[in-house]
Amino acid sequence: MNNIDEILERLKGAQPEIDNPDEFTDLIMSALPDRNTESKTPEKGSRIVKFVRIVLTAAAVLLVGLFIYTNDLDADTPTTTQTNYQISGFTYGDYLKNVYTIRQNKASINYLQLKKLNYENH
Amino acid sequence: MEQLEKDILIKCREGDKEAFRLVVRQYQRMVFSLALKMLCDEEEAKDTVQDTFIRVWQNIGEYDTAKSFVTWIYTIATRLCLDRIKAKKHTAAMPEDVDALARFAADTDSQVNLENSEWVAIVRLLASRLSDKQKTVFTLCQLEGLDTDEVQRITGLDTTQIKSNLYVARQTIRKQLTELGYE
């Protein structure tokens, strides 16, 4: 039989055999997982996950509530920040005012007098 | 599907292992045949048969009874075989495979009585130059003798793809056998 079609046709549908079919069936059956015990395990796991999820949600809600509450308290008491630019023993405003006044009065004042005035204010 | 088979499958869904034993006994040779021809390795084929029935057992609740149970098992087995083929290196033909084919060709007995090792040798030689897809279609259509519709449902390929893959597979095998002196 050297015909290729004949070779392929003879092979068609033919099945190889399993040496010990009963033994092989037993082997397969022994490898089967227990469906009942498998279904219980994830259920137990999911209960724990559900509990943790509830606790975490409650904690998150509490934290958000606390955050909003503390922000509202801060808003009721306005914060006023005052910066003191005055240096002790020296009033910058007065000095300039004096210079300005002198210039305004057009007083006949020379450089030495102005310098003296400056020293007096310090 | 026969009523008896339906009853057995209902029992299997309820977790009856003795009912499932009947299913295994009924279909193990069919799955083994496919796996041996696809994988060309007896031990791997047996492992695949085991994996197939474990999958069937685990997912029998999802099986649609309106569809063919055989097709469903074939689908699972084919996918598992393809996973194994992808995982392992390409199996090249051995020199002794040519002798095994010569012995088979010389045998005039109409009944095919091949040892598993001979099956492995012949299929390994025939399919050594085929791609995974061609090998799958060739095994299902030509070696297992399934019709195109069934192969379509198993592989998810359309009719044109099946026919073209089968044509290319046959041509490749024909060329290879011609080189070996067959006509």
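A residue counts as buried here if 20 or more other C-beta atoms lie within 10 Å of its own. The model is predicted. With that cut-off in hand, start with one helix of chain B.

Helix α7 of chain B spans residues 132-143. Its buried residues are B:Gln134, B:Lys135, B:Thr136, B:Val137, B:Phe138, B:Thr139, B:Leu140, B:Cys141, B:Gln142 and B:Leu143. That is ten of the twelve residues, so α7(B) is largely enclosed by the rest of the structure. What covers these buried residues? Both chains take part. From chain A, the cover includes α1 (4-11). From chain B, it includes α2 (17-39), α4 (69-87), α6 (116-127), α8 (148-155) and α9 (159-179). After α7(B) comes B:Gly145, with a positive phi near 75 degrees.

Now step back to the whole of chain B. The chain has nine helices and zero strands. Of its 183 residues, 38% count as buried. Take the contacts in chain B between residues at least 6 apart in sequence: 67% of them join residues at least 24 apart.

Next, the core. The largest nonpolar core has 52 residues. B:Ala35, B:Ala77 and B:Ile122 have the most contacts inside it. The element that gives the most to this core is α2(B), with ten residues. B:Ala77 shows some of the packing at residue level. Leaving aside residues up to four places away in sequence, B:Ala77 touches B:Val31, B:Leu34, B:Ala35, B:Thr48 and B:Thr52.

Chain A is the partner. It has five helices and zero strands. Of the 122 residues of chain A, 2% count as buried.

The two chains meet through 29 residues of chain B and 26 residues of chain A. On the chain B side, the elements that give two or more residues are α2, α3 (42-59), α5 (95-106), α6, α7 and α9. Which of them gives the most? α2(B) does, with nine residues. By class, this side of chain B has 14 nonpolar, eight polar and seven charged residues.

How values were computed
Residues numbered from 1 in each chain as written. Chains lettered and ligands numbered in written order. Predicted model: local features only at pLDDT ≥ 70, side-chain atom pairs only at ≥ 80, totals over all residues. Helix = DSSP H or I, 4+ residues; strand = E, 2+ residues; numbered from the N terminus. Contact = placed C-beta atoms within 7 Å. Nonpolar A, V, L, I, M, F, W, Y, C, P; charged D, E, K, R; others polar. Core = buried A, V, L, I, M, F, W, Y, C linked by C-beta atoms within 7 Å.
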